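Me: I am new to this structure. Please show me how to read its features one at a time.

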Amino acid sequence: MVEVNSIKSMLHYELECGRGYYSGFKLEPKEVDLVKNLIIQQWIAIIKQYDPLLWQQFAKRGIEKYHELSHLLNHELIWKKSNRIFSNKDAEAIRSMSLIKNLEKIYGPVIIVDEENVGYEEIDWRLVRPNQLSDIGPLHADDWFLQLGHGVLPPPHRKAIKVWVALCCEPGLNGLQVVPHSQKKEWRYHGVYRHGFVKPQIDEDELQVQLLHTFPGDAIVFHDKLLHAGALNKGKNCRISMEFMLFVNK
Ligand SMILES: [Fe+2]
């Protein structure tokens, strides 16, 4: 109980008054493999839908080397967000893993937010190819999406936090980048039409961006006003991560 309370106060301090993120949670190695397998199954199924002949070639090459064959597909179209959302069954399997259980030890019961209105708790994954600027978006705060009319407002007495989890990554070469302490300030941005709806475009430069050094399984919990973005992948393999928004007790 003492430990739970000390993690709770450290987490609260880091998110609200500190750097804006906390990196003390993780998925166990076995769970990382399970989630990776769920993603690979979905990845193959979606490729099959778009091109019934090519999928075997991709399956043989493997998801981490997907970029070597991605020119054969319309990457941007095929990997729109709706194709990267886990099924209800897979999301339930992930929910039962140690990461959510440990988060619930600290926060009490959490709600995984159904941001895209899929009808169940929504968790999605990302596939970022090496050296592809078009695979990453600009720095933003998740709260800006809400301000632009997307997403879901937290119910009374709850607040939104984001969880990002590294699954396949090369520490120091790819992953999540953040602007530490940026959750304490308001930043300028405007809305631009991108990928079918109005998304935020930051109007600030010279920000102190920091790439977080993450190993497979490492989870980053962060404030919904923290500036962050996927980093350009300077590794040799595709970076794979998953993320979800939580409503937690204040
Ligand atoms: Fe985000």
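Reply: Start with one pair of residues. This is a predicted model, and in it His190 has Gln201 in strand E7 as its bridge partner.

Me: How many bridges join E6 to E7, and how do the two strands run?

Reply: Strand E6 covers residues 189–194 and strand E7 covers residues 197–202. Six bridges join them, and they run antiparallel.

Me: What lies between the strands of this hairpin?

Reply: Two residues lie between E6 and E7, and His195 takes a positive phi near 50° in this hairpin.

Me: How many helices and strands does the chain have?

Reply: The chain has seven helices and 11 strands.

Me: How do I read the radius of gyration of the chain?

Reply: Compare it with the value for a compact globule. For 250 residues that value is near 18 Å, and the chain has 18 Å, so the two agree. The C-alpha trace spans about 55 × 40 × 35 Å along its principal axes.

Me: What share of contacts join residues at least 24 apart in sequence?

Reply: Counting contacts between residues at least 6 apart, 80% join residues at least 24 apart.

Me: What share of the chain is buried, and which residues touch the most other members of the largest nonpolar core?

Reply: Buried residues are 33% of the 250. The largest nonpolar core has 58 residues, and those touching the most other members are Val35, Val165, Val178, Ala219, Ile220, Val221 and Leu246. Strand E4, residues 158–168, gives the most to this core, with seven residues.

Me: Which residues does Val221 touch?

Reply: Leaving out residues up to four places away in sequence, Val221 touches Leu11, Tyr21, Tyr22, Phe25, Ile161 and Val163.

Note on methods:
Residues numbered from 1 in each chain as written. Predicted model: local features only at pLDDT ≥ 70, side-chain atom pairs only at ≥ 80, totals over all residues. Pairing = 2+ DSSP bridges. Helix = DSSP H or I, 4+ residues; strand = E, 2+ residues; numbered from the N terminus. Rg over C-alpha atoms; globule rule 2.2 N^0.38 Å. Buried ≥ 20, exposed ≤ 12 C-beta atoms within 10 Å, placed from the backbone. Contact = placed C-beta atoms within 7 Å. Core = buried A, V, L, I, M, F, W, Y, C linked by C-beta atoms within 7 Å.
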